[in-house]
Amino acid sequence: MHERFTTVALVAGVGCFALAWCLEAWLPLTHIGRIPVKTLEELAPEPTETFLELAELYPKSFKRAYGEPTADAFHDSLRHARDTYIAEGCWHCHSQFVRPVSNEDIRFGAVSTAAEYQNEMQLPQLLGTRRVGPDLSRSWNKHSTDWHVAHFFEPSWVVPTTVMPNYRWFFDENDEPNRTGIAMVTYVMWLGSWTEDWGDEIDEAGENDS
Amino acid sequence: MSTVGASQKIVDYTVVRAHLTAGLFFFVVVLFTGLLYGLQLQQLYPFPGIEILSPGRLRMVHTNAAAYGFLVNLFAACLYWIIPRLTGSPTLSVTFGRVIFWAWQLIVLSAAVGILLGEAQAVEWGETPTWIDPVALFGAALLIINLTVPIARRRDRNMYVTLWYYSAGFVWLALVYAMGNFLPQYVLPGVGGAAVVGLYIHDLVGLFVTPMGWGLMYYMVPVILKKPIWSHTLSLVGFWGLAFFYPLQGIHHFLFSPIPMYAQYGAIISTIAIEIVVFTVIVNFFMTLRGSADMLRTNMSLRWFYAGMVMYFTTCFQCAFHTTLTFQKVIHFTDWVVAHAHLVMFGVFGFWLLGAVDYLWPRLAGNAWYSWRLRAWHFWGTVLGLVLMFGSLTIAGLVQGNLWAALAPWEQSLIGSTPFWTARTVSGVMIIGSQFLLFYNMWMTTRRPTLVEEPHAVLVDDAAPAPV
């Protein structure tokens, strides 16, 4: 009786799987699910400074790819960057998740919270499981727009010891960032822009207006 | 010898040979994509600036082909060989099996091409482009149906432990694949999705690869040793332990994440618990081997299972420690994890499958192995290569994790990793070179005039010199 395919398939196969699903997925989801899921429009209503800066730096290429730097164009660029980030497997070498240990909050910035991930830019989630390069979830304040453009074109020009490959197909025939290049620079300089900058406290005290 | 004739009638040798060959074809893809990615980390990548050969994309082909090309095909070859023998019943249909074979190769190849064209999905081990996912699930379901029919129809009322693992493993494969490829992609964003992806990564290993591997080991080892396993009871304790504890562990891939802590603790505790279960398998193997260990000198297939079992002990021992929060502080995100993944997927299950290839190939070709010496070189080259890879990446992981925690400039962790990455490349070349010895040996085995008329007859190891 017990040594039958159906018994094994139902008890061990379906039963144990369902039990684990309840404990390790459904239960945590009841907590996480209370945080409302935001669309990109709710999350980042206005274009970032980087997006506007790119429109000025590369007017021809920008116009061809996005027209005017409107909010719609900005959202289009971020969604395209997210898709590119996945297509290129960026998340295999860069995490988007700062842990509360190993001095990560000192190196990268604020420790990640669940609410940061409840939005369409994290569907599918991009926490990552390996860091060859640094975490990117706080990358907005680490480098300038020019630095990122040069870095995507040839990483070793700005980081001599880098092992990151170049992404020449992010650039057009004039070596200006194309639709994808503009999107990627906008994206990495948007990630974490909702967290506190190192300089914020000084800003508030009025001692630094840069 | 009447049983021999009977099993030849119910086993479709063609489909076994086809899956075995396809598995080794994708093995070559896995080996070279891995090597190329390793070269990128040494700034020696031979095709820079080419979009479809971008290292990031090749890396996803590496893992995807390892799971669905290499492992699934070789396990399928073993399933087609073993299930009819254990049940005394053929699969649902020979033609069906061959159609599924070609459909599956098309799925795996399309996935690789899709990934190279930039259509990958952001799920580890589920890189398969989203439009292929439903097709792959359908293909897997057909394979499962074809192989479940003989289990349901079997004459013997008792089920050998191998069939327990296979029965549950089939159900789990379908459930796990659907869960991991659809929920985090379309339904669950953020950390909830991460929890499910964690379950998926781990369940594909624990609820598909592991049951298929344990089932294979429990069949092959007694057959090679010509004696029953040491304890059938213990083997079933292992089965229920796996069924209960393995599905609970996925979140240990995202420790210190914003996933609720009780779920993380649950994953850690069940991970430590499974190590006890794993020991039932290890004990059963070594107790079965007791008194027959001399065969390790003369039987290459057994030697692969033995080496894999030693690796299994290592990897599971390691697991119980590095799943703890204490270890995770340092080793998470580092090459330690990469070393562990290679030890499990290649050092354990890959080795057992190479043991199965060693056992099956002369029986499929109808000839005894061409050269014992080549088999021995293949074994030692692969084993030493893997040990070097595991060792160098493990140390690299410790170097990286400690440099990060010490707030050294990021570049320092790259400079510190360089010697170990060089050793890893050397180990990769060793492993690749060794596999070509295997392929040459297999080719020559098929080309020789038939020495043994009965394909299933006992094939004595060919004139072995003093075994290496």
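Me: Why is Gln43(B) called partly exposed?

Reply: Gln43(B) has 17 other C-beta atoms within 10 Å. The rule says buried for 20 or more other C-beta atoms within 10 Å of a residue's own, exposed for 12 or fewer, and partly exposed in between, with C-beta atoms placed from the backbone. The value of 17 sits in between, so Gln43(B) is partly exposed. Keep in mind that this is a predicted model, in which local features need pLDDT of at least 70 and side-chain atom pairs count only at pLDDT 80 or more, while totals for chains, interfaces and linings use all residues. As for the labels, residues are numbered from 1 along each chain as its sequence is written, and chains are lettered from A and ligands numbered from 1 in the order in which they are written.

Me: And what stands out about phi of Gln43(B)?

Reply: Phi of Gln43(B) is near 60 degrees, a positive value in a residue other than glycine. You'll find Gln43(B) in the loop between helix H2 (13–40) and helix H3 (55–87) of chain B. Helices here are DSSP runs of H or I with at least four residues, strands are E runs of at least two, and numbering goes from the N terminus.

Me: What makes Trp125(B) count as buried?

Reply: Trp125(B) has 22 C-beta neighbours inside 10 Å. That passes the cut-off for burial, so Trp125(B) counts as buried. Phi of Trp125(B) is near 65 degrees, again a positive value in a residue other than glycine. Trp125(B) lies in the loop between helix H4 (94–116) and helix H5 (133–153) of chain B.

Me: How many residues of chain A are in contact with chain B?

Reply: On the chain A side it's 61 residues, facing 70 of chain B. Helix H1 (5–32), helix H5 (71–87) and helix H6 (104–107) of chain A are the elements giving two or more residues to that side, and H1(A) brings the largest share, 17 residues. Split by class, the side of chain A that touches chain B has 35 nonpolar, 17 polar and nine charged residues. Nonpolar covers Ala, Val, Leu, Ile, Met, Phe, Trp, Tyr, Cys and Pro, charged covers Asp, Glu, Lys and Arg, and the others, Gly among them, are polar.

Me: What makes a set of residues a nonpolar core, and which members touch the most others in the largest one?

Reply: A core is a set of buried Ala, Val, Leu, Ile, Met, Phe, Trp, Tyr and Cys residues joined through C-beta atoms within 7 Å. The largest has 211 residues, and Ala65(B), Trp352(B), Ala356(B) and Leu360(B) touch the most other members. Helix H7 (residues 190–225) of chain B supplies the largest share of this core, 21 residues. Setting aside residues up to four places away in sequence, Ala356(B) touches Leu74(B), Cys78(B), Leu216(B) and Met220(B).

Me: How many helices does chain B have, and why is chain B called as compact as a globular protein of that length?

Reply: Chain B has 15 helices and zero strands. Its radius of gyration is 22 Å, close to the 23 Å that the globule rule gives for 468 residues, so chain B is as compact as a globular protein of that length. That radius is taken over C-alpha atoms, and the rule is 2.2 Å times the number of residues to the power 0.38. Of the 468 residues of chain B, 57% count as buried.

Me: What radius of gyration does chain A have?

Reply: Chain A has 21 Å, but a compact globule of 210 residues would have a value near 17 Å. Chain A has 10 helices and zero strands, and 45% of its 210 residues count as buried. Chain A is divided into domain 1 (1–34) and domain 2 (40–204), with bounds from an automatic or database domain assignment. Taken over C-alpha atoms, the centres of these two domains are 39 Å apart.

Me: What is the peptide bond from Leu123(A) to Pro124(A) like?

Reply: That bond is cis, with omega near 0 degrees. Pro124(A) is in the loop between H6 and helix H7 (145–153) of chain A.

Definitions and conventions: Contact = placed C-beta atoms within 7 Å.
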